[in-house]
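Please find below a set of numbered remarks on this structure, written for a colleague who has not looked at it before.

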Amino acid sequence: MGSKIRSLISIIRLAGLAVAALGMWGFATIAEDVLGKQSYAFDTSILLYLRSLHTPLRDGVMLGFTFLGEPKLLLVICLTFGIVLLARNHRSESATIALAGGGAIGLNLLLKKLFARDRPQLWERVVDVRFYSFPSGHAMISMVIYGLLGYFLGERFPKQRWSIYSLTVVLIAAIGLSRLYLGVHWPTDVIAGYTAGVVWLITCIITLEIWKELRSFTRASKEEFLSPDPSSKEITND
């Protein structure tokens with residue numbers, strides 16, 4: 001029974017990665033004009049508008065938000081929380097956050113190599129970026145990691161659930177905006193990162209809840225099986 005459940009969860013998770021990849025492919029196919037040179041004027045106008053808003057104070061704030069979305073930092077956060085959850089015997093949550101982070105990073109690298117889109121070079125950037133642009137790793141991975149952490153905290157503190165969810169959304173949105181403000185991504189890079197990220201996030205949450213329900217059902221069935229039969233008690237008493 002346990003092996004069948006694990007196989008089912010693995011299939012769902014792999015399917016989630018495949019759906020995220022297919023969703024990205026569909027996004028790129030439908031938005032071919034956006035990803036091509038025909039969208040250059042649209043994308044450029046947004047970035048240049050954000051460039052006009054630059055001030056030293058805003059630069060510092062946006063650098064702070066973009067730091068919070070660094071894949072390396074998110075990986076450390078993912079591993080730290082995974083270890084803490086495992087130490088507290090929350091194995092399902094620990095495995096979920098590890099797979100969520102690893103899957104998001106791996107899928108993002110795959111999609112970047114697949115599309116190989118150059119980054120915008122509209123002005124001299126203050127951050128060093130070397131890899132491809134589409135989709136945004138900051139947007140995609142922060143959506144998955146911070147989204148999952150927000151979900152865990154919301155479950156842990158139900159009274160503050162919507163405040164936690166709201167702050168999580170604001171943080172993820174600010175990270176994506178910072179990438180545009182700093183001129184290291186096109187707007188469609190960030191949109192695509194959020195699109196793939198939310199698909200994988202939902203997949204991870206669904207599989208976690210399925211696992212919890214099946215485990216609770218298995219435990220309840222086992223306890224019922226091991227519990228004494230009331231009818232046998234009556235016969236014994238007689």
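1. Leaving aside residues up to four places away in sequence, Phe65 touches Leu171, Ala174, Ile175 and Ser178, where a contact means heavy atoms within 4.5 Å. Phe65 itself belongs to helix α4, residues 56–68; helices here are DSSP runs of H or I with at least four residues, strands are runs of E with at least two, and both are numbered from the N terminus. Phe65 and Leu177 are separated by 112 residues in sequence, yet their C-alpha atoms are 8.8 Å apart in space. Phe65 counts as partly exposed because its relative accessibility is 26%, given that buried means under 20% relative accessible area, exposed over 50%, and partly exposed in between, with a 1.4 Å probe and protein chains only.

2. A word on the basis of these remarks: this is a predicted model, in which local features need pLDDT of at least 70 and side-chain atom pairs count only at pLDDT 80 or more, while totals for chains, interfaces and linings use all residues. Residues are numbered from 1 along each chain as its sequence is written, and side-chain values use heavy atoms, with hydrogens and water left out.

3. As to the overall make-up, the protein has 10 helices and 0 strands. Of its 238 residues, 38% are buried. Among contacts with a separation of 6 or more, 78% are accounted for by residues 24 or more positions apart.

4. Helix α8, residues 161–181, has 21 residues and reaches 30 Å from its first C-alpha to its last, close to the 30 Å expected at 1.5 Å a residue; the expected span is 1.5 Å times one less than the number of residues. Its buried residues are Ile164, Thr168, Ile172, Ala174, Ile175, Gly176, Ser178, Arg179, Leu180 and Tyr181. After α8 comes Gly183, with a positive phi near 75°. Tyr181 and Tyr49 are 132 residues apart in sequence and 9.1 Å apart in space, C-alpha to C-alpha. Tyr49 lies in helix α3, residues 40–52, and is exposed because its relative accessible area is 55%.

5. How are α7 and α8 placed relative to each other? The axes of α7, residues 137–156, and α8 come within 9 Å and cross at roughly 170°; such axes are lines fitted to C-alpha atoms, for helices over the stretch in contact, with angles running from 0 to 180 degrees between N-to-C directions. The two helices α7 and α8 are therefore roughly antiparallel, since angles over 145 degrees count as roughly antiparallel, under 35 as roughly parallel, 65 to 115 as roughly perpendicular and the rest as oblique. Residues making this contact include Tyr146, Gly147, Gly150 and Tyr151 of α7, together with Ile164, Thr168, Leu171 and Ile175 of α8.

6. The whole structure was searched for aromatic pairs, and 2 were found. Tyr151 and Phe152 form a tilted pair, at 6.3 Å centre to centre and with 50° between the planes; rings of Phe, Tyr and Trp (its six-membered ring) pair if their centres lie within 6.5 Å, and planes under 30 degrees apart count as stacked, over 60 as edge-to-face and the rest as tilted. The rings of Trp162 and Tyr165 have centres 5.3 Å apart and planes at 90°, so that pair is edge-to-face. Tyr151 counts as buried because its relative accessibility is 14%, and Phe152 is likewise buried at 15%, whereas Trp162 counts as exposed at 64%. Trp162 and Tyr165 both lie in α8, 3 residues apart, about one turn of the helix.

7. Some backbone details deserve a check. Most residues other than glycine have a negative phi, and most peptide bonds are trans. Asn89, although not a glycine, has a positive phi of about 70°; Asn89 is found in the loop between α5 (71–87) and α6 and is exposed, with a relative accessible area of 55%. Helix α6, residues 91–115, has 25 residues and is followed by Ala116, whose phi is positive, near 50°. The peptide bond from Phe134 to Pro135 is cis, with omega near -5°, and Pro135 is placed in the loop between α6 and α7.
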